[in-house]
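I set out here what I looked up in the structure shown below. The entries run from the whole chain to a single residue.

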Amino acid sequence: MMLKALFIVVLAVALVTVSAIQAAPRLVMPETTFNFGYVPQNSKISHVFWLYSKGDDSVQILKVVPG
Amino acid sequence: MEIIFDTKHYTDKMSKRPTIQTNEGPPDKYVQIDCEVVRRPDSTYPIIIKPYKLDISQFGEKVRDQMKFTIMNVSDKPLALSTVGLPTDYITVTLPASVPAGKSVEGLIKLKPDALKKEFEKSLTIQLDDEKASRFTIPVKRSLRLPGDTTRAANEPVKTVDTK
């Protein structure tokens, strides 16, 4: 009986550990490029790209490097 | 995520490719914007947009919430017009479906009620159905000077902040 309970506890811990290892953030961007075409000089233009978090864990944006 | 690009005095084709680093790990993600900065927007082809920048600023109490612009087809073929980029939180645009060869049509931008008390610099992108699927982007700017607003000098530029 004791052995059975221990087995269940070990199994539960193992399952939790495996699911924690598997939990991963996943960033999905349906659109990654945008062409503005012709634009005048001395103007500010803008476009919104949508970012979706589709993983098991939250996506954290650590840094955006202008390119 | 909003990408803002200042065309400054650039000329010809430009590409920008900001990289996004996340806790997802490598490889980094990126977005890319492309454009062709023109020095003479009053002589583009196959359409000419006038005015090529829309300034819907309000100086005073009289509410200014819309502005017309003209699209002139300087080619010998009719062109279909579609909107492919629009700051939907700020404006709506009314555009004819097409512009006949050699003719002009009128477009209209209208501020959304929530945008009336905001200052912004956004842009509107129109695509044609010509063989190149040409695109033209019209900058749209709004500044506010309401009576009694002494917090800013008259010639101080509008500050823009990345909000998304």
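I took buried to mean under 20% relative accessible area, exposed over 50%, and partly exposed in between, with a 1.4 Å probe and protein chains only. By that criterion, buried residues make up 41% of the 164 residues in chain B.

I noted the basis of the entries. The model is predicted, so that local features need pLDDT of at least 70 and side-chain atom pairs count only at pLDDT 80 or more, while totals for chains, interfaces and linings use all residues. Residues are numbered from 1 along each chain as its sequence is written, chains are lettered from A and ligands numbered from 1 in the order in which they are written, and side-chain values use heavy atoms, with hydrogens and water left out.

Entry: overall form of chain B. I counted 0 helices and 16 strands in chain B; helices (H or I, at least four residues) and strands (E, at least two) are DSSP runs, numbered from the N terminus. Along its principal axes the C-alpha trace spans about 50 × 50 × 30 Å. For chain B, an automatic or database domain assignment gives domain 1 (1-37) and domain 2 (40-145). I found 23 Å between the centres of these two domains, taken over C-alpha atoms.

Entry: nonpolar cores. I used the term for a set of buried Ala, Val, Leu, Ile, Met, Phe, Trp, Tyr and Cys residues joined through side-chain atoms within 4.5 Å. The largest one has 27 residues, and B:Phe69, B:Ile71, B:Leu81, B:Ile109, B:Ile126 and B:Val140 have the most contacts inside it. Among the elements giving two or more residues to this core are β9 (66-73), β10 (79-85) and β15 (135-142) of chain B. β14(B) gives the most, with 4 residues. Apart from this core lies another, of 17 residues, including A:Phe36, B:Phe5, B:Met14 and B:Cys35.

Entry: B:Ile71. I listed its contacts (heavy atoms within 4.5 Å). Leaving out residues up to four places away in sequence, B:Ile71 touches, among others, B:Ile47, B:Ile48, B:Ile49, B:Leu81 and B:Ile126.

Entry: B:Thr125. Is B:Thr125 buried or exposed? I found B:Thr125 buried, with a relative accessible area of 1%, and placed in strand β14 of chain B. With residues up to four places away in sequence not counted, B:Thr125 touches A:Phe34, A:Asn35 and A:Phe36 of chain A, and its partners in chain B include B:Ser82, B:Val84, B:Arg135 and B:Phe136.
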